[in-house]
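Subject: Structure handover

Hi,

Here is the structure you asked for. My notes follow below it.

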Amino acid sequence: MQIKVTFYGPLKRYAQEDGLAVELPAGVKVSDLLDHFGVEDRIYIVILVNNGRVDEEEALKEGDEVKILSPIGGGGS
Amino acid sequence: MSFRYVGKPIPRVDAREKATGAARYMTDLAFPGMLWAKVKRSDYPHALIKGIDVSKARTWPGVVAVLTWPDVPGYNGFGIVVPDQPVLCRDRVRFLGDAIALVAAQTEEAATKAAELITVEYEPLPVLEDPRAALKPGAVQIHAGGNTHQHNLVTQGDVEKGFGEADLIIENYYVTPRQMHAFLETEGGVATADPDGGITVYAGSQHSYRDQLQIARALDLNPRLIRVVSNPTGGGFGGKDEIVVQIHLALLAHHTRRPVKLWLSREESVRAGIKRHREFLYYRTGVKKDGILVANEVKIFADTGAYATLGGPVVSLSVGHACGPYRIPHVRLESFCVYTNNGISGAFRGFGVNQVTFAMETQMDILAHQLGMDPLELRLKNALRQGDLNPLGFRMDTSVGAIPSLTAVGGSELWKNRWAKKAEATLPWKRRGVGIATALQGNGLGAGRPDYGGALLRLLPGGTYEVGISCPEIGQGNTTAYAQMAAETLECSIERIRVYTGDTRKAVDSGSTSASRSVYTGGNSILAGAPTLKERLRKAAAGLLGLPEDDLEFFPEGLRGKSTSRSATLEEVAREMDRLGLSREVKSTFLWPAAEREIEGAPGLPEIIYAYNTQIALVEVDTLTGQTRVLEVVSVPETGRVINPQGLEGQADGGAVMGMGYALMEDIIMEGGYYKNTNFSTYILPTALDAPGHVTVMVEESEATGPFGAKGVGEVVCVPVTPAITNAIYDAVGVRVTKIPVTAEEAYRALADNSLLPHGGTTPHV
């Protein structure tokens, strides 16, 4: 199945291209996708699938759009 | 369009329990068998650690655990952007707040004594206390990568060409203080060990899901095993965006498998917690004789203290807002976010905008005086309009409220009657003045990454809705705004809405309460999820009532036929949904609109959406003592459609006083890396007796992307009031303030020897 992946900020070192199409076997989880790219820091990252926050155990399906970013914040109130 | 709840002064949903003291904050919690924790912190602002001896502490009666760096099972570091702050220091301390060891004991007294018994052998290092000195060649390096945490440089047009076109150029240096958040509840909470091997941390904060990840990284635990509860939080103002106590709590609960409480005293909070960045600013501004701004050169040195936390993004916003809400075609904006051995600076309401607004709005006041122009007219002449290119070269496509805000302030009683008000000074040696300033404040997290949100909407069997949005309630009233928007969208009685925030188990991750983002994020997340849930309710009710779906309408307690008297309560609809196998729960998602690319030289910029505010102040300066009293303030925030006018007024009242303290009183003074004022006996805050008469005039420019047209209000309300006050002081006594706070002593000295000369400071700081 095909999913699209975008890394942000410093994590772009894993893939520069936005919306990179990746072929993965059916039934894989987010953790398999992270393995595919060799992502090292598995704890302090935010993973969005179709813009919703998920964790590594989330199952992926055909056409999913995955965004991987570092947490950040800003402002005071 | 008329609304039932939106735009109405609905009483706060948490008002009764907070007003009566019934509300339980995280530091109020207690559990059976709970231990007390204390932190052994550094004795030096900068030193190598040569040895740590905890043997006496371990044997002190009542002590259950003493932890040092080898006891951190995961990554021994934390920090929102860069994890450069040790959880427990191993071989070096970089400021007085650094933690070296943790103690958990049966009583608070035993924990305190044991922490005192820990001995640390140090080798002191040179202390860097000025960011400009820290950049000099040969300065000791606080971190391996050097003392510059972040350097920004943004240029647009040709700044020297712009100055060549100018008829008047002014050049000044400004200094701003290290302000304390002064939240009522200092950092603290309780952690418990859960039977599944996990940890629950109850601690006030501004982003429970991000805390969860930071704790997980340090403990090397699956984030699923960590629950963070941070609602209600006893004040934040940005100071609880970063971790202070959470990892220490979790670590002690992890090792002892018992509940542990840690609650910092005010002194320890000042020592270990976050502050507003002290900044040194250079401004050179060029203007045509008709008042049109043509060039602005800005250089900023920001003291971020020993560790990064959000220093980089803060100083990016200083750059992004350095020119105020004005069109300026030629700019050069540069900043250095610099490590020192001072207390850590990070997020604080306004997030880098307060400092540059003080400088830029003082520049504008000086220009107006030198040009012989009315200061309001000068601002109106240069103010951004929708569709303009801003000084960063980014087009302002969303609502721009600078001119409506300025225009409204011009119509206020105080502005119209300012000459008469000035003449009403009560004694011959008192002088009155009126000052004006305006500002914009970016909303949301800016460019370069998705700024995400979401809501959990659930209809319970009893006919009540649960709304779960993680952005914690830190006192600003987002819980009430969420209830209003949910009731409006779900077309039900507001009594049927229960809002959950700040709990990783009860709400989906919708990001932080920061960046003036929580109402915009939560509201849009509710709007994104409600149609799906309502569609299911409609389907169930149609079957229940034997009516076509399009013949149904929602009413406060359920659904009913438009043309019949048949109706079903929400309880009945919930039962029918269960019978039909329709889920009563929806998880929505939402992404903020964002620029396609970041501005070169300034990571995270630009924001797409901005709030605006113009404030004017009437002050009275006692020329014998230097004391300034702020008598009246008028605030004109333009923050899109107002969801709750009572909530906005509360924010504006508090913001005006916070910005007033920044102008006149507040500064955490550090000498040689040591704090000089760590409690309210010496750190002077405005009290109710100091608060001015305050009028809030709401200007509502509906923002097309906002929920019901809303934007964020939390920060901009405290920003321009500071230079409005200092400009009023100039108007009163002719002394130009370029360094804040301008305390009575400072003003007295300036009046006595005229050392604060008109039009700027006399000593170059750059």
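**Salt bridges within chain B**

B:Asp388 and B:Arg327 form a salt bridge through their side chains, at 3.3 Å from N to O. The term means a side-chain nitrogen of Lys or Arg within 4 Å of a carboxyl oxygen of Asp or Glu. B:Asp388 sits in the loop between α11 (375-382) and α12 (402-410) of chain B, and B:Arg327 in the loop between α9 (311-320) and β15 (330-339) of chain B, so the pair ties together parts 61 residues apart in sequence. Helices (H or I, at least four residues) and strands (E, at least two) are DSSP runs, numbered from the N terminus. B:Asp388 is buried, at 17% relative accessible area. B:Arg327 is partly exposed, at 27%. The cut-offs: buried is under 20% relative accessible area, exposed is over 50%, and partly exposed is in between (1.4 Å probe, protein chains only).

A word on the basis. This is a predicted model, in which local features need pLDDT of at least 70 and side-chain atom pairs pLDDT 80 or more, while totals for chains, interfaces and linings use all residues. Residues are numbered from 1 along each chain as its sequence is written, chains are lettered from A and ligands numbered from 1 in the order in which they are written, and side-chain values use heavy atoms, without hydrogens and water.

Over all chains, the salt bridge count is 45. One of them pairs B:Glu473 with B:Arg12, at 3.1 Å from N to O. B:Glu473 lies in the loop between β18 (465-468) and α15 (478-490) of chain B, and B:Arg12 in the segment before α1 (15-19) of chain B, so this pair links parts 461 residues apart in sequence. B:Glu473 is buried, at 1% relative accessibility. B:Arg12 is partly exposed, at 30%.

B:Glu466 and B:Arg458 also meet in a salt bridge, at 2.6 Å from N to O. B:Glu466 is buried, at 15% relative accessibility. B:Arg458 is partly exposed, at 25%. Shared partners join B:Arg12, B:Asp14, B:Lys18 and B:Glu473 into one salt-bridge network.

**Chain B against chain A**

The contact (heavy atoms within 4.5 Å) takes 43 residues from chain B and 22 residues from chain A. The two chains bury about 2500 Å² between them, 63% of it on carbon and sulfur atoms. That area is the accessible area (1.4 Å probe) that two parts lose on being put together, summed over both. In chain B, B:Leu213, B:Pro450 and B:Tyr452 lose the most area to chain A, together 23% of what that side buries.

Two salt bridges cross this interface. A:Arg53 forms a salt bridge with B:Asp509, with the closest N and O atoms 2.4 Å apart. On the side of chain B that touches chain A, the elements giving two or more residues are α6 (208-219), β17 (452-459) and β23 (585-591) of chain B. α6(B) gives the most, with six residues.

**Domains of chain B**

An automatic or database domain assignment sets the bounds. Chain B has domain 1 (26-125 + 187-263), domain 2 (278-384 + 395-446 + 597-753) and domain 3 (452-591). The C-alpha centres of domain 1 and domain 2 of chain B lie 36 Å apart. In contact are 19 residues of domain 1 and 20 residues of domain 2 of chain B. Domain 1 and domain 2 of chain B bury about 1500 Å² between them, 62% of it on carbon and sulfur atoms. The salt bridge count between domain 1 and domain 2 of chain B is zero.

Best wishes
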